[in-house]
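Here is a friendly walk through one model, from its sheet to its side-chain pairs. Have a look at the display first, then read on.

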Amino acid sequence: MDTLSFIKEKKLVSIARRVPVEKIVDAAFAVNEGGICCLEITFDQSSQNCISDTVKSIQMVKKALGNKMSIGAGTTVTIEQAKAAFDAGADFILAPDTNPLVIAEVKKLGMISVPGAMTPTEIQNAWNCGADIVKVFPAGFLGLDYLKAVRGPISNVPLMAVGGVDENNVAGFLKAGYCSCGIGSNIMKNSLINEGKFDELSELAKKFVKAAAGSN
């Protein structure tokens, strides 16, 4: 699987944050049934089991879904976490910030790097450090007009819109030239997951896939 091309083709990345290990496979199956093929499983920096839980979740989803989904490790802020994600079988690494050391390690390991940035300077710095895609965060709160303005002069850098992406603006981000969008709690609702309402997760995923198709 060419991970970079896969992300750009599928466009939508569902973000699983603080999803219990024992429920992650069911949640992944649910959003995949809804048409989403890229999943970000985040490191919970506030947890004592930060690395072990994420590693186990990545391993379980990779084993259960195989090539049906490309799996990223999110909120990766240290080299140790990047290495752990690689060992677990992650395909790409995402972060809320731009850390040149982490980016260098991710590229050394042969994975796709998606660091976070906000300003034009930060975006360009991330790209110059070796990013494959730069995550503009928090995109939804910055607003589409800001993102369109940024996209004008920085047209060579593949950008992913993350933070506040919903059914109403996802097509707008993609039409503005963003190669992909990351969606967190607007799909991966922990309340639904904890109640075992995976059919509803699938329906949310379907709505986003349909909305994103409006950008074509």
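Two strands count as paired if DSSP finds at least two bridges between them. In this predicted model, three bridges join strand 1 (residues 12-16) to strand 9 (residues 180-183), and the two run parallel. Within strand 1, V13 stands opposite G182 of strand 9.

Both strands belong to an open sheet of nine strands, ordered 5-4-3-2-1-9-8-7-6 with parallel pairing. Its edges are strand 5 (112-114) and strand 6 (116-117), each of which pairs on one side only. Helix 1 (residues 3-10) packs on this sheet, touching several strands, among them strand 1 and strand 9. The direction of helix 1 makes about 110° with that of strand 2 (38-42).

| Salt bridge | Closest N to O |
|---|---|
| E9 and K10 | 3.7 Å |
| E203 and K206 | 3.4 Å |

D132 sits in the loop between helix 6 (120-128) and strand 7 (134-136), while K107 is in helix 5 (residues 100-108), so their bridge ties together parts 25 residues apart in sequence. D132 is buried, at 15% relative accessibility, and K107 is partly exposed at 32%. E203 and K206, by contrast, both lie in helix 11 (residues 198-213), three residues apart, or about one turn of the helix.

What about the rings? The whole-structure search finds one aromatic pair. The ring centres of F173 and Y178 are 6.3 Å apart and their planes lie at 75°, so the pair is edge-to-face. Both F173 and Y178 are buried. Elsewhere, K135 lies over the face of F137, 5.3 Å from the ring centre.

How values were computed. Residues numbered from 1 in each chain as written. Predicted model: local features only at pLDDT ≥ 70, side-chain atom pairs only at ≥ 80, totals over all residues. Heavy atoms only, no water. Phe/Tyr/Trp six-rings, centres within 6.5 Å; stacked < 30°, edge-to-face > 60°. Buried < 20%, exposed > 50% of the residue type's maximum accessible area, 1.4 Å probe, protein only. Lys NZ or Arg CZ within 6 Å of the ring centre and 35° of its normal. Helix = DSSP H or I, 4+ residues; strand = E, 2+ residues; numbered from the N terminus. Contact = heavy atoms within 4.5 Å. Axes fitted to C-alpha atoms, helices over the stretch in contact; angles between N-to-C directions. Salt bridge = Lys/Arg side-chain N within 4 Å of Asp/Glu carboxyl O.
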